[in-house]
Amino acid sequence: PHRGAAAIRQAMLRQSLRTAARGWIAHSAALASGRRGMAMDLDALLEKNRYGGEDQKPSIDAILAQNKYGGKNSGAREVINIAPEYPHDVDIGPLFCRSADRCFLDGGGLCGAYQSGNRNKGMLQDLYNACKETGFFFVYNTRVEDQTLQTVYEHTLRLHTAKDAALKEEVRAETRDCLTAGWMPFKSHPAYDAGMIANRCSYHVTPPSEGKEPWEARKWPSEDLVGGEFEADISGFYRQCDLMAAGIASAFSRMLGFEDEEHFARLRSAKSLSLLQLSYYPPQQPSPDSKDMLGAQTDGVLFSILNQNCPGLQVQDAQGRWCNVRCGSERFIVLIGDAMEVITGGEIKATKHRNVCVPHDRAMLTYRAGLDPDVVIAPHDMYDDGSGTYAPRTQMEHFAMRNRALSSKLG
């Protein structure tokens, strides 16, 4: 009898979780009403979380005091600072605890069914709040170790600052777009705003594939240029990012209320148009009239996962404010992409972001979670209002359209 009662309780719990995990959007008004009584004072929170202090890296406030990002492309003039303690800080550990057979809470054992269910429910609620109220969020408990990030940053800086131009030319990308594997030198990227120069270089790692297209064949630099561990370390980091993206994609499917909880996972395979980008930004003194930066853009994928080793990335929130996002190995930043906006019929908007000049070396790691080339990006039946606002096109067609639009803005 006791075992039977336990089984019934577990079945009821599973059913409750399935119900709770679906339909967040449909109940948004109720959720928003429930949150109003718990609202935090945003001004007080931001003041508390200012990025600075004697033991920190250069203060964002100090950098922006010199860098007003002026001119016709400036957008919003007021900039606020966002730290990882911002309310939209999503614990994605529940996505990986069972598969890793370990708990990602300090000193904790594996959660029981009730604890695990509550953590998943809380994660989906946090994800929903972030998408609707801010448009971007931080994630932690990602399974990526601090030492792994440090190693990848060391490889990134070694590659981009190497003096042997001939060896770097051996792995130069064949085309100048956001899909191609290989190294892209300074001022060869789309700058996104007319008249601006993309002052960065990057190295692109595509999914492992036997294909011969520029977006399929990986290009590894010579060991004489980057050392013998580069390929293994970067390949390993790509796999970790891909695993993180798979978990986040699954969480999005549940949060959006899709009957198929692996909806997004089924649109992404080993041939997806995903990309790991190791970017380097050289030191540059900020100037109100500077054109050497990257203008505002959205990413053409489902979502992007980013980490930076020092400030410089700005993200536009749902209220149109430009936010400085704090860096750190303990958090990754997730930005919504064009594909997510289209699939949700605009219910969730793609996140605009840009990079500003800083007077010191800076690196950023970006994993863009793309869909398979032939997947048609169109509003899901649950979110299609019949207006025809979003014309259906494949993931490959979407990238081709973006590249054509940007072709006149290359440095």
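Strand β3 (residues 136-140) is largely enclosed by the rest of the structure, because four of its five residues are buried. The model is predicted.

**Strand β3 and its partners**

- Strand β2 (residues 89-91) runs parallel to β3, and three bridges join the two strands.
- Within β3, Tyr140 has Asp91 standing opposite.
- Strand β11 (residues 332-336) pairs with β3 in the antiparallel sense, and this pairing extends over four bridges.
- Phe136 has Leu335 of β11 as its bridge partner.
- In a regular strand, side chains alternate between the two faces of the sheet.

**Helix α7 against helix α10**

- Helix α7 (residues 146-161) packs with helix α10 (residues 230-255) at an angle of about 125 degrees, and the two axes lie 10 Å apart.
- The orientation of α7 and α10 is therefore oblique.
- The crossing in which α7 passes α10 is left-handed.
- On the α7 side, the contact involves Thr148, Leu149, Thr151, Val152, His155 and Leu159. These residues meet Phe230, Asp233, Ile234, Phe237 and Gln240 of α10.
- Sorted by class, the residues in the contact of α7 with α10 comprise six nonpolar, four polar and one charged.

Notes: Residues numbered from 1 in each chain as written. Predicted model: local features only at pLDDT ≥ 70, side-chain atom pairs only at ≥ 80, totals over all residues. Heavy atoms only, no water. Axes fitted to C-alpha atoms, helices over the stretch in contact; angles between N-to-C directions. Parallel < 35°, antiparallel > 145°, perpendicular 65-115°, else oblique. Left-handed = near helix turned anticlockwise from the far one by under 90°. Contact = heavy atoms within 4.5 Å. Nonpolar A, V, L, I, M, F, W, Y, C, P; charged D, E, K, R; others polar. Buried < 20%, exposed > 50% of the residue type's maximum accessible area, 1.4 Å probe, protein only. Pairing = 2+ DSSP bridges.
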